[in-house]
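Look at the sequence and the model below.

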Amino acid sequence: MSEKFKIEPSSRISRLPPYLFARINKMKYDKRVAGVDIIDLGMGNPTDPTPKIVVDKLAEAALDPRNHRYSVHNGIAGLRKEAAKKYKKKYGVDLDPETEVIATIGSKEGFSHMCLALLGPGDTAIVPDPAFPAHVYAVAMAGASVIRVPLGNDQAFLDRIEHMIDGLYPTPKLLILNFPHNPTSMTIDDGKFWERAIDMCRKRGVMIISDFAYGEVCFDGYKAPSFLSAPGAKDLGVEFTTMSKTYNMAGWRVGFCCGNADMIKALGTIKGYYDYGHFAPIQIASVIAMRSCGDFAEEQAKIYAKRRDEVCKGLDRLGWTYDKPRASMFVWAKIKEEHLKGQSTLHFCLRMLDEAEIALAPGRAFGENGEAFVRIALVENEQRLRQAMRNLERALMPRKPKPKREKASVNGR
Ligand SMILES: Cc1ncc(COP(=O)(O)O)c(C=O)c1O
């Protein structure tokens, strides 16, 4: 018998941090196979449908054989134009659809390839802790180093970053920010934050990437400020947006990167070598989403707000602490010590899968500063969320059995 051929993956693979969701996903799978109804609040994967008009357009465009050929790596012109128009209408930002907009296969693909386009061995990027895991993995896969800075949304946070940048040689190349934030739902109050970040980075020659995935998932009257609407943003940075959350189109994989033309060009170069863009009908239908579904995001956000209220009620009963989110599709909650029982959040989430039949995202999966927290995704309807919170209560605060009433003795004593 011949010896087993040894496959040696690249060192790029071994640079990746461990994937903490793997054990949770395995247990979730096993439970489901065993017939257990797991309420899955682990992933920010929208469960509500894409607008019908968009699905209809996809079907219509798919019937036209002219749309069956390879598309283009940067997105069809009509799609890029529509994205630019939307930025103008919503945020007052002027973008040249030819040079300052590129369509991506979801913002995750675009972000990851942008890191590959901008970073290499010896380079450093600053990423807050906690953060969306791709913000760390993509930098690592590009061969660059990640420096974590405890997350915040104020001057003290920017001061921490400034201090870090000034203490490092060579100077970090890139700052990655994400407001409304995943996993914490943290938001910034107004565009002043961006102005200060731009000023700091400009003086030090640091580029900025803003991940604005939840820019349109805002409630309670809050409007998330776009990085690109701050003066000078386009001089040193880009912003990623996505159709995934705004129009419930996660499976369609459509996102955009907009802003600095040189950064867009670098991403376009990488994409030109790697892909041929989306299936054209997806792009055509995406134009319709942006053009004809004006208030869809607002209506969907109202649904998330109601779900948030349901989760917060349950958290209050558990005695857990949290900041009530005004954007995103998550509640980030600190587990009460007596419920955590000294476990890691990974083990706590495995225990809750087992004992409460709900899947949560362990805070540690987003960075060291996520330890003691869980992220609850608002992706089930209110009734299921109520059930999930009841399950948690049942598992964590079991009712003490009522003391049995003693039967009166025969002689009345
Ligand atoms: C902060 C953040 N950025 C990007 C993404 C990925 O979005 P897309 O579906 O456009 O790849 C997500 C998805 O959960 C996210 O939370």
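By class, the shell around the ligand holds 3 nonpolar, 6 polar and 4 charged residues. Here Ala, Val, Leu, Ile, Met, Phe, Trp, Tyr, Cys and Pro count as nonpolar, Asp, Glu, Lys and Arg as charged, and the others, Gly among them, as polar. This is a predicted model: local features need pLDDT of at least 70, side-chain atom pairs count only at pLDDT 80 or more, and totals for chains, interfaces and linings use all residues. Residues are numbered from 1 along each chain as its sequence is written, and side-chain values use heavy atoms, with hydrogens and water left out.

There are 13 residues around the ligand, and Ser107, Asp211, Tyr214, Thr242 and Ser244 come nearest. A residue is near a molecule or strand if one of its heavy atoms lies within 4 Å of it. Two helices, α5 (106–118) and α10 (243–246), each supply at least two residues of the shell. The most comes from α5, with 3 residues. Helices (H or I, at least four residues) and strands (E, at least two) are DSSP runs, numbered from the N terminus.

Now follow the oxygen atoms of the ligand. One is 2.7 Å from a polar backbone atom of Ser107. A polar side-chain atom of Asn182 also lies 2.7 Å from an oxygen atom of the ligand. For Thr242, an N or O atom in the side chain is 2.6 Å from a ligand oxygen. The protein covers 92% of the 400 Å² of accessible area that the ligand has on its own. Accessible areas come from the Shrake-Rupley method with a 1.4 Å probe; for residues, only the protein chains shown count as cover.

Asn182 has another feature. A cis peptide bond joins Asn182 and Pro183, with omega about 15°. Pro183 lies in the loop between β5 and α8 (192–204). A further cis bond runs from Tyr169 to Pro170, with omega near -5°. Pro170 sits in the loop between α7 (155–167) and β5 (174–177).

What does the side chain of Asp211 contact? It makes a polar contact with the side chain of His135, at 2.8 Å. A polar contact is a pair of N or O atoms within 3.5 Å; within protein, one must be able to donate a hydrogen and the other to accept it, and residues adjacent in sequence count only if both atoms are side-chain atoms. Asp211 lies in strand β6 (residues 207–211). Asp211 is buried yet has no salt bridge, and the nearest side chain of opposite charge, Lys245, is 8.9 Å away. Buried means under 20% relative accessible area, exposed over 50%, and partly exposed in between (1.4 Å probe, protein chains only). Lys and Arg count as positive and Asp and Glu as negative; His and the chain ends are not counted.

Glu216 counts as buried because its relative accessibility is 18%. A polar contact of 2.6 Å joins the side chains of Glu216 and Lys86.

Side chains of opposite charge can pair when their charged atoms come close. How many salt bridges does a search of the whole structure find? It finds 33. A salt bridge is a side-chain nitrogen of Lys or Arg within 4 Å of a carboxyl oxygen of Asp or Glu.

Compare where some of these pairs sit. Glu8 and Lys6 meet in a salt bridge at 2.9 Å, N to O. Glu8 is exposed, at 60% relative accessible area, and Lys6 is exposed at 62%. Lys271 and Asp275 meet at 3.0 Å, N to O. Both Lys271 and Asp275 are buried.

Lys324 forms a salt bridge with Asp309, the closest N and O atoms being 4.0 Å apart. This pair links distant parts of the chain, 15 residues apart: Lys324 is in the loop between β9 (321–322) and β10 (330–334), and Asp309 is in helix α13 (residues 296–318). Lys324 is exposed, at 52% relative accessibility, while Asp309 is partly exposed, at 30%. Asp220, Arg308, Asp309 and Lys324 are linked in a network of salt bridges.

Finish with the backbone. Arg253 has phi near 60°, a positive value in a residue other than glycine. Arg253 is found in the loop between α10 and β8 (255–259). Glu357 has a positive phi of about 60° although it is not a glycine. The place of Glu357 is the loop between α15 (345–355) and β11 (358–359).
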